2 protein chains.
Amino acid sequence: MVLTMDKKTIQEERIKRYFINAASEILRGEGLKCVNVRNIADRAGYSYATLYNYFKDVRDLIFECVKDFRDECIQTVKSETESLPRGLEKIEGIAKAYIKYYIQYPGVFELFFLEKTSDLADKQPTIEMIYRLLDDLCNEEWQHCVDNKLFSNDEAELKKGELKFVVHGLLLFYLNRKQPSSFKEFFALSNIQLKNVLKV
Amino acid sequence: MVLTMDKKTIQEERIKRYFINAASEILRGEGLKCVNVRNIADRAGYSYATLYNYFKDVRDLIFECVKDFRDECIQTVKSETESLPRGLEKIEGIAKAYIKYYIQYPGVFELFFLEKTSDLADKQPTIEMIYRLLDDLCNEEWQHCVDNKLFSNDEAELKKGELKFVVHGLLLFYLNRKQPSSFKEFFALSNIQLKNVLKV
DNA sequence: TTATTATATTAACAATGTTAATTTTATATA
DNA sequence: TATATAAAATTAACATTGTTAATATAATAA
C-alpha cells in the first residue's frame, strides 16, 4: 500500500504524521483538555492553519491518534502476557495489563471512552475497534476455554461481556471520579473483581 | 435551616434557583454540550454576567444541578420499585429503573460520570454521593439478602461492586459509544448481564 | 526565467467563559 | 420625601479556542 503511493501522497502522509504525533504526545502527557490546534501545530513546527490543509478538523486529527494508541495498547498487553499459561489465567493477565495501560495513560482512556464524538458517522469503524479491543485481546483465550470444556459458548459470551463491563466500569470510576481514592485500593478492588468474574 | 435564613439569603437562594433550574432544563433536554452561560442566563431571564454574582463559575452552577438530579433519580427508582418483593428481585428492579433513568436523560449520565471535574476539591462530597448512588439505592436489599443467609457479608460486598461496575460499564458503552447500536439489543444485553450478576 | 500551482502563514471571525466598567435599582438616612 | 449610598444587573471588553479567508511564500512546469 505504501509502495503504491506517489510522491505527493508520501509527503502528505509524512506531514499528517507530524501533526498526529504532536497530538499524541500532548494527549499522553497532559490529557485531552490540553490538546488544541495551536498547541499541536506549535509542537509539529507548523502554523495552526496548516493543520486544516491535512485534516478536516481537530476532531478528525485527534481521531487519527486512536489507531496508534490502539496498536500500542495491543503491543504492550501482548508482550506483558505472552508467557502466561493459556486460558483463564491468561485472560486475567490480559485484563490486568489492559487496565495498567490506561492507568499509565489516563488521557488515552479519556480519548477512547469519554470523549464526545458528536458526529461519528465516518468514524464508526474506529469506535468499533475500540469497543472490541479487550474482546479481541482475549478472544483466543476464551476460545481455548470453550475448547477445553471449561465453559459453553454461551457462558463464554456472558463472561466476556461481564469482564468488559466490569473492567471499564472500574476504570471509569477510578480514572474519572477518583473512586477509590488511592491506587492501592483500586488495585485490590480490581483484583477481587477480576477473580470473581473469571472463576469457573 | 431555611427558617434561619435572613431576607437577603432567601432572595439570593431564589435567584440561584432560577439559574440552576434553567441549567437543569437544558441539560435534561439537550445535554451538556448545549449548556453555556448565555443559554442559561437567557432562560433564567437574566444577563449572563449576573450569573457570576451567584456562582463562582459555570462549573459551580452545573454542579448544583447534580443534587437535584440525584434526588429525582432516587425518587423515580423508589416509586417504580416499591411493590417488588424484597431481596434479589428488588435489586434487579432497582438496577433496571436506575438504568432507565439515564436512558431517559443521557445528559444526566454525562454530568454524573463523564464530565471532567478538573478541581473537585470542594465538590468531593457530591461526587461521593453520585459514586454511591446505586449502592445506596440497593443497600437495604443487600442487607436483606445477608440477613436471610442468601450471601455472606463478603459475597454481598463483592456482588454489590460487580453490579455497580457492570451497570455503569453497560451505560458507558451504550450512551457514549452507541454500543450496542439499538436500544433493543442494549435492553437484552442488560437483562442477561443483570441476571448473571444477581444469580445466587 | 517566469507563470502557475501548491503550501503555509497571518488576519479575522465566531463561540464561549470570564472580568471590568457602567448603569439601574433598592435601601437607608436627613 | 428627597437624596446619598449600597446592591444588583447590564453592557462592554478581553482571553481562549476552533475555523475560514486573504495573503504570502515556496515549489514546479513551461
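Why is helix H6 (residues 106–114) of chain B largely enclosed by the rest of the structure? Seven of its nine residues are buried, so the helix is largely enclosed. Point 3 below lists them. This is a predicted model, and the notes that follow should be read that way.

1. **Overall build of chain A.** Chain A has ten helices and zero strands. From the N terminus on, the order of elements is α-α-α-α-α-α-α-α-α-α. The C-alpha atoms fill a box of roughly 55 × 45 × 30 Å along the principal axes. Of the 200 residues of chain A, 34% count as buried. Take the contacts in chain A between residues at least 6 apart in sequence: 62% of these join residues at least 24 apart.

2. **Two copies, one axis.** The same surface serves both copies, and 100% of the contact residues of chain A recur in chain B.

3. **Helix H6 of chain B.** Back to the opening question. The buried residues of H6(B) are B:Gly107, B:Val108, B:Phe109, B:Leu111, B:Phe112, B:Phe113 and B:Leu114. With seven of nine residues buried, H6(B) is largely enclosed by the rest of the structure.

4. **H4 against H6 in chain A.** The axes of helix H4 (residues 58–81) and helix H6 (residues 106–114) of chain A come within 11 Å. They cross at roughly 115°. The crossing of H4(A) past H6(A) is left-handed. H4(A) brings A:Ile62, A:Cys65, A:Val66 and A:Phe69 to the contact. H6(A) brings A:Val108, A:Leu111 and A:Phe112. By class, the contact has seven nonpolar residues, no polar and no charged.

5. **A:Ser24.** A:Ser24 is found in helix H1 of chain A. Is A:Ser24 buried or exposed? A:Ser24 is buried, because 24 other C-beta atoms lie within 10 Å, and 20 or more is the cut-off for burial. Leaving out residues up to four places away in sequence, A:Ser24 touches A:Cys65 and A:Asp68. A:Cys65 also belongs to the H4(A) side of the contact in point 4. The C-alpha atoms of A:Ser24 and A:Ile62 are separated by 7.9 Å, though the two residues are 38 apart along the chain.

6. **The chain A–chain B interface.** 24 residues of chain A are in contact with 24 residues of chain B. On the chain A side, H6, helix H7 (124–131), helix H9 (153–177) and helix H10 (183–197) each supply at least two residues. Which helix gives the most to that side? H9(A) does, with 13 residues. By class, the side of chain A that touches chain B has twelve nonpolar, seven polar and five charged residues.

7. **DNA strand C.** 15 residues surround DNA strand C. The closest come from both chains: A:Ser47, A:Ala49, B:Asn36, B:Asp57 and B:Val58. Helix H1 (7–30) of chain A and helix H2 (37–44) of chain B each supply at least two residues of this surface. The residues divide into eight nonpolar, four polar and three charged.

8. **DNA strand D.** Of the 15 residues around DNA strand D, the nearest are A:Asn36, A:Asp57, A:Val58, B:Ser47 and B:Ala49. Here helix H2 (37–44) of chain A and helix H1 (7–30) of chain B each supply at least two residues. The division by class is eight nonpolar, four polar and three charged.

9. Check the backbone here. Most residues other than glycine have a negative phi, and most peptide bonds are trans. In chain A, a cis peptide bond joins A:Gln179 and A:Pro180, with omega about 0°. A:Pro180 lies in the loop between H9 and H10. A:Lys178 lies in that loop too, and its phi is near 50°, a positive value in a residue other than glycine. A:Lys178 counts as partly exposed, with 16 C-beta neighbours inside 10 Å.

10. **That loop in chain B.** A cis peptide bond joins B:Gln179 and B:Pro180, with omega about 5°. B:Pro180 is found in the loop between helix H9 (153–177) and helix H10 (183–197) of chain B. B:Lys178 is not a glycine, yet has a positive phi of about 50°. B:Lys178 is partly exposed, with 16 other C-beta atoms within 10 Å.

Definitions and conventions. Residues numbered from 1 in each chain as written. Chains lettered and ligands numbered in written order. Predicted model: local features only at pLDDT ≥ 70, side-chain atom pairs only at ≥ 80, totals over all residues. Near = placed C-beta within 6 Å. Helix = DSSP H or I, 4+ residues; strand = E, 2+ residues; numbered from the N terminus. Nonpolar A, V, L, I, M, F, W, Y, C, P; charged D, E, K, R; others polar. Buried ≥ 20, exposed ≤ 12 C-beta atoms within 10 Å, placed from the backbone. Contact = placed C-beta atoms within 7 Å. Axes fitted to C-alpha atoms, helices over the stretch in contact; angles between N-to-C directions. Left-handed = near helix turned anticlockwise from the far one by under 90°.
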